[in-house]
Amino acid sequence: MLTVSMTVNGKEVTKTVDPRTLLVTFLREHLNLTGTHVGCDTSQCGACVVHVNGQSAKACTMLAAQVEGADVTTIEGVAKNGDLHPMQAAFKEHHGLQCGYCTPGMVMSALDLLKHNPDPSDEEVRHWLEGNICRCTGYQNIVKAIQSAAQEMRS
Amino acid sequence: MPDTGIGASVKRKEDYRFLTGKGHYTDDINKAGQVYACFLRSPVAHAKVTSINAEEARKADGVVAVFTGQDMADDGVGSLPCGWVVTDRHGDPHKAPPHYPLVRDKVRYVGDQVAMVIAESLSQAREAADMIEVDYEELDPVIDMKSAENAELIHEEAPGNLCFDWELGDKSAVDEAFSKADRVAQLDLVNNRLIPNAMEPRAAIGEYDSGTDSYTVYSTSQNPHLLRLILCAFVLNLPETKVRVVAPDVGGGFGSKIFAYAEETACTWAARKVGRPVKWTAERAESFLTDAHGRDHITHVELALDAGGKFLGLKVDTKANLGAYLSSFSTCVPTYLYATLLAGQYTTPAIHCNVKGMFTNTAPVDAYRGAGRPEATYVVERIVEVAARELDMDPAELRRKNFIQPDQFPYQTPVALNYDTGDYEPTLDKALQMIDYTSFSQRRAESERNGKLRGIGFSAYIEACGLAPSAVVGSLGAGVGLWESAQVRFNATGTVSVFTGSHSHGQGHETTFSQLVADKLGIPYENVEIVHGDTGQIPMGMGTYGSRSLAVGGSAISKACDKVIEKGRKIAAHLMEASPEDVEFKDGHFTVSGTDKSKAMAEIAFTAYVPHNYPEGVEPGLDETAFYDPLNFTYPAGVHIAEVEIDPDTGMTEIKDWVAVDDFGRILNPMIVEGQVHGGIAQGVGQALYENCVYDSDSGQLITGSYMDYCMPRADNFPTFRVGMTTSECTHNPLGVKGCGEAGAIAAPAALMNAITDALDQEIDMPASPEKVWRIAQAKIKQAAE
Amino acid sequence: MYNFDYHRPNSVDDAVRARGGSEDATFLAGGMTLLPTMKQRLASPSDIVDLSAIQDMTGVCEDDGRLAIGAMTTHASVASDPLVNQKIPALAKLAGGIGDPQVRNRGTLGGSIANADPSADYPAAVLGLGATVKTNKREISGDDFFVDMFETALEEGELILSVNFPVPDKAAYAKFPNPASRYAMVGVFVAQVGGETRVAVTGAAPSAFRVSEMEAALSNSFSADALRGINIPADGMNSDLHGSAEYRAHLVNVMARRAVESLS
């Protein structure tokens with residue numbers, strides 16, 4: 001067993017876990033943060049995307065041990081005091097989600113995109129989302145939501 | 001119109017929880033003392049199981065129990081039923097071999113459940129499963145439908161691996177039409193097999209309370225009541241009073257979560273055996289192997305035409321793959337949901353269709369978004385396109401020439417359906433205008449100058465939603481009724497709880513149903529709460545599939561609201577000292593005609609629960625239930641036009657433009673409807689260009705068993721779809737609505753493939769993968785050079 | 001996933017020692033291949049030696065006219081590194097096209113080439129630029145590094161520290177991704193470097209390879225047209241449901257031409 005410490009959504013946590021514990025398992029089962037989802041086993045669907053030290057990463061393809069000492073943000077840490085972040089608000093405004101399962105990963109990935117590229121083209125948005133699979137929306141309203149959030153966040 | 005009223009793009013109520021990570025999907029639920037199940041699955045496609053040795057596994061760390069089919073047999077556990085009996089053309093019912101949750105004698109596809117291991121942790125369960133020794137006496141796998149009739153038998157009950165040989169339509173009328181034809185277009189088609197891939201993998205928790213001898217099942221289900229019915233009446237022989245099924249937030253279904261599966265059955269049964277909650281969540285690899293797959297037809301179609309292009313007759317021969325076992329509704333999909341749609345939007349007077357349902361050593365095949373209707377549209381719209389090319393007619397004009405005209409409704413097709421309403425030409429015209437059809441040749445020339453091949457393709461689809469009425473579907477073999485329930489309960493302080501048998505797994509019912517109720521009852525949208533997905537709370541309901549939720553479930557809600565208003569009218573009349581006949585209800589207020597006396601709905605609700613001053617003979621409370629059994633299907637229809645550009649060097653197809661014009665009847669929330677259209681098109685495009693389920697034809701191994709090989713469409717695969725609407729309201733339901741959930745998936749494959757075949761000037765089967773397209777494009781270039 | 005012992009050494013020496021402690025131990029770089037493989041229980045190392053805490057294995061620096069890139073440098077870092085973008089933009093572009101953004105944020109240069117996936121992108125650059133792989137024991141020429149499918153010249157326990165890329169006069173990379181996995185079905189790296197012309201192909205065959213006929217043609221005339229008619233034999237090419245050997249062979253020519261065209 002290993003003792004792992006990290007900061008999750010601003011709170012320091014320390015848990016003793018099996019070395020094989022994945023970050024996503026750590027979040028879901030040890031911290032009960034079930035907003036981070038698992039949709040595949042080949043690191044492709046992106047339902048599990050979180051931020052590790054400010055960068056988006058797939059929590060299903062990291063050991064909790066690898067995140068020792070890091071700063072992790074999950075979907076639960078995005079809204080502040082119950083108010084949706086502009087990205088979350090844009091997903092709602094533009095119907096960028098249906099079943100909601102891929103949504104946390106989409107939002108976390110999109111936030112990382114805007115950090116790199118605050119004013120992306122539609123093509124750049126679509127390309128960035130290569131690692132996030134949505135089966136419901138056809139992506140159109142996700143792209144629209146991200147563009148709207150980008151505009152909001154720039155102003 | 002209030003901004004939350006009918007017709008407004010109200011933002012969704014459900015979004016806040018999903019956007020903040022507070023959704024509650026089945027795998028998010030954990031029960032005190034729960035143990036974890038893992039299924040040992042067959043590594044081979046077809047074999048006799050001669051022995052299972054689980055001794056070592058039972059002794060392994062953390063293992064609570066190991067169960068096999070024999071354990072279930074000893075407990076009298078039954079077979080998972082198929083809920084629709086198809087009568088074949090000789091008058092016999094389809095062959096219905098048993099489908100046990102854990103195999104008893106044979107494994108019949110890779111992934112079949114051989115044993116269930118339950119342990120304190122998931123890792124322990126998995127590791128113990130590896131310790132089970134199974135002896136398989138391998139048999140030749142039957143993978144290819146075409147040769148299945150003469151292959152090894154999968155089920156003793158089904159000679160020739162034939163489940164049914166079924167037909168619909170008047171064969172002699174069709175033969176006569178063909179004998180008079182000036183021209184016959186024909187085509188062989190493959191409707192490729194798909195794996196549904198809802199993003200949330202299936203999951204289940206079975207829980208048993210020995211104090212009350214009752215079960216609670218949490219399941220990723222599109223229709224919890226149907227699951228309860230199957231669990232109780234067919235598999236576990238339990239009274240429904242002792243089983244509660246909860247389908248909480250469900251992460252997409254697309255049909256694949258309609259069915260009762262082995263795993264949830266086994267978890268429920270095992271919960272009592274081990275005395276602890278048993279949880280199972282599919283890994284994606286298991287979803288690929290065991291979620292019911294979709295489509296998988298091979299078809300020969302012929303269309304007879306006169307010299308002017310009028311359709312005279314249609315002849316369709318299809319083999320449909322049913323997989324290794326019959327999933328819950330597998331038999332009706334390639335029959336009653338398929339052949340009945342072969343008239344399309346056209347006046348074809350004679351149609352005959354023969355369908356052979358085949359068993360193979362592959363995963364069960366059942367309804368997947370559209371279920372039969374995409375297959376029918378694909379057949380009709382591809383052959384119409386072929387005919388247009390052979391006649392050298394504009395494909396839009398050929399369609400126009402054969403459309404059912406507005407004055408012909410209600411229109412009886414030669415394949416059983418009676419279309420209540422439709423208006424196809426304006427839809428086509430709007431689509432042509434949106435895509436700027438007249439200047440297509442210029443765009444094609446421009447592409448050619450850039451060394452690319454450009455094509456345009458049409459799909460004038462029709463679908464039948466809200467399968468009904470119950471008496472009719474019953475006469476066709478359905479084992480269930482296809483009505484829906486709703487309970488509308490005013491609470492004392494004026495809020496309304498609505499209990500619906502429909503189940504939302506992405507469709508946004510919490511929003512649209514709230515809009516509907518707020519409009520009907522004239523109360524604030526915020527005051528309405530929609531409750532679904534829990535047999536412990538809601539009246540018996542039939543769930544969500546076949547684009548039925550609004551047309552059937554919404555109509556039930558509307559009816560329940562009517563009952564609430566009628567009762568409210570009596571209470572209001574009493575309070576206003578008027579006769580109920582003189583009391584009008586409008587915008588949330590009861591008023592006495594011709595006076596300024598008025599009572600708000602909320603006040604009436606309060607009075608119903610605090611009945612101090614109350615009409616005689618009226619019960620307290622304001623809580624009404626309605627069941628709605630539709631008079632007919634609804635018939636959404638529309639035209640999609642796709643424009644593609646092909647790079648002949650690589651075979652890559654790029655979708656340059658997409659126009660969808662749909663007639664869904666009355667629309668409650670345009671934002672949600674457009675979202676459904678986008679998603680449907682994406683799945684249709686996925687089928688036509690990317691997705692393909694492939695089994696190795698020798699071994700029966702699933703080759704496309706992960707996202708590494710099964711090509712899931714991503715954001716950069718799509719253009720921006722342009723969506724338009726026309727409206728002809730449904731004539732027989734109280735809302736005038738038709739349904740929109742499947743239209744995109746039904747329309748899209750034909751539109752796209754017609755565009756690709758237009759560009760290539762050659763027929764090609766789905767998926768139009770780069771290599772396939774490249775080969776044809778190269779041959780075409782070579783030919784042009786010669 | 002089977003269990004293992006986890007080590008997170010701070011130095012190369014400690015890492016090599018930890019790795020040597022068990023014959024079933026393995027290094028963990030970004031984990032983008034190793035962890036999914038372990039999740040599917042296709043690999044079960046006894047010990048995981050996580051390299052992420054070793055400071056001097058990341059970053060890009062100029063070294064005698066070459067770019068030395070630390071083995072633990074992520075694809076995202078290479079893609080956005082100013083020096084790489086200035087000196088070898090084709091390498092930045094290649095790195096920026098690997099996997100998806102989350103894979104690029106975690107996956108590393110060293111991990112990628114040590115794994116030698118036949119459809120990985122980096123092998124095309126290592127071979128196409130004639131890079132040198134520096135390990136804890138020696139320097140391995142890029143031409144000798146990739147041996148076969150998932151097989152490199154690395155010895156048991158040998159650890160890649162950095163890769164030295166010569167700065168080319170010009171270079172470009174074009175790939176045709178597998179529509180499902182998005183790995184390279186065919187990727188072609190062309191470069192004029194150190195007085196020679198190099199054409200390296202990944203994705204098409206069990207291991208990355210150079211195409212001498214194309215190199216000769218481009219040496220004569222560095223133009224896409226010079227490549228027309230150079231048919232790569234389909235023999236020995238990979239073949240799967242996404243692309244036959246013949247199709248891959250054809251795509252090598254198309255991608256090579258597109259790479260060259262992108263330079264004009």
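**Starting point: one phenylalanine**

Let's begin with A:Phe91. Setting aside neighbours within four places in sequence, A:Phe91 is in contact with A:Gly96, A:Leu97, A:Thr103, A:Met106, A:Val107, A:Ile142, A:Ala145, A:Ile146 and B:Leu19. Keep in mind that this is a predicted model.

**The nonpolar cores**

- The largest nonpolar core has 216 residues, and A:Phe91 is among those that touch the most other members, along with A:Ile146, B:Leu342, B:Tyr419, B:Trp658, B:Leu752 and B:Ile756.
- Helix H18 of chain B (residues 743–760) supplies the largest share of this core, with twelve residues.
- There's also a second, separate core of 46 residues, and its members include C:Ile69, C:Val84, C:Ala125 and C:Ala171.

**Helices H2 and H3 of chain A**

- Helix H2 (residues 86–93) and helix H3 (residues 103–116), both of chain A, pack at an angle of about 125°, and their axes are 10 Å apart.
- Angles from 65 to 115 degrees would count as roughly perpendicular and those over 145 as roughly antiparallel, so H2(A) and H3(A) are oblique to each other.
- On the H2(A) side, the contact is made by A:Met87, A:Gln88 and A:Phe91, while H3(A) brings A:Thr103, A:Met106, A:Val107, A:Ala110, A:Leu111 and A:Leu114.
- Sorted by class, the contact of H2(A) with H3(A) has seven nonpolar residues, two polar ones and no charged ones.

**Helices H3 and H5 of chain A**

- H3(A) also packs with helix H5 of chain A (residues 140–154), here at an angle of about 45° with the axes 11 Å apart.
- H3(A) and H5(A) are therefore oblique to each other.
- The crossing of H3(A) and H5(A) is right-handed.
- A:Met106, A:Ala110, A:Leu111, A:Leu113 and A:Leu114 of H3(A) meet A:Ile142, A:Ile146, A:Ala149, A:Ala150 and A:Met153 of H5(A).
- In the contact of H3(A) with H5(A), ten residues are nonpolar, with no polar and no charged ones.

**A loop alanine in chain C**

- C:Ala208 sits in the loop between strand E13 (196–202) and strand E14 (209–210) of chain C.
- With a relative accessible area of 13%, C:Ala208 is buried, because buried means under 20%.
- Leaving out residues up to four places away in sequence, C:Ala208 touches C:Pro123, C:Leu127 and C:Val201.
- C:Ala208 and C:Leu127 are 81 residues apart in sequence, yet 7.5 Å apart in space, C-alpha to C-alpha.

Definitions and conventions:
Residues are numbered from 1 along each chain as its sequence is written. Chains are lettered from A and ligands numbered from 1 in the order in which they are written. This is a predicted model: local features need pLDDT of at least 70, side-chain atom pairs count only at pLDDT 80 or more; totals for chains, interfaces and linings use all residues. Side-chain values use heavy atoms; hydrogens and water are left out. A nonpolar core is a set of buried Ala, Val, Leu, Ile, Met, Phe, Trp, Tyr and Cys residues joined through side-chain atoms within 4.5 Å. Buried means under 20% relative accessible area, exposed over 50%, partly exposed in between (1.4 Å probe, protein chains only). Helices (H or I, at least four residues) and strands (E, at least two) are DSSP runs, numbered from the N terminus. Contact means heavy atoms within 4.5 Å. Axes are lines fitted to C-alpha atoms, for helices over the stretch in contact, and angles run from 0 to 180 degrees between N-to-C directions. Angles under 35 degrees count as roughly parallel, over 145 as roughly antiparallel, 65 to 115 as roughly perpendicular and the rest as oblique. Ala, Val, Leu, Ile, Met, Phe, Trp, Tyr, Cys and Pro count as nonpolar, Asp, Glu, Lys and Arg as charged, and the others, Gly among them, as polar. A crossing is left-handed if the near helix is turned anticlockwise from the far one by less than a right angle, and right-handed if clockwise.
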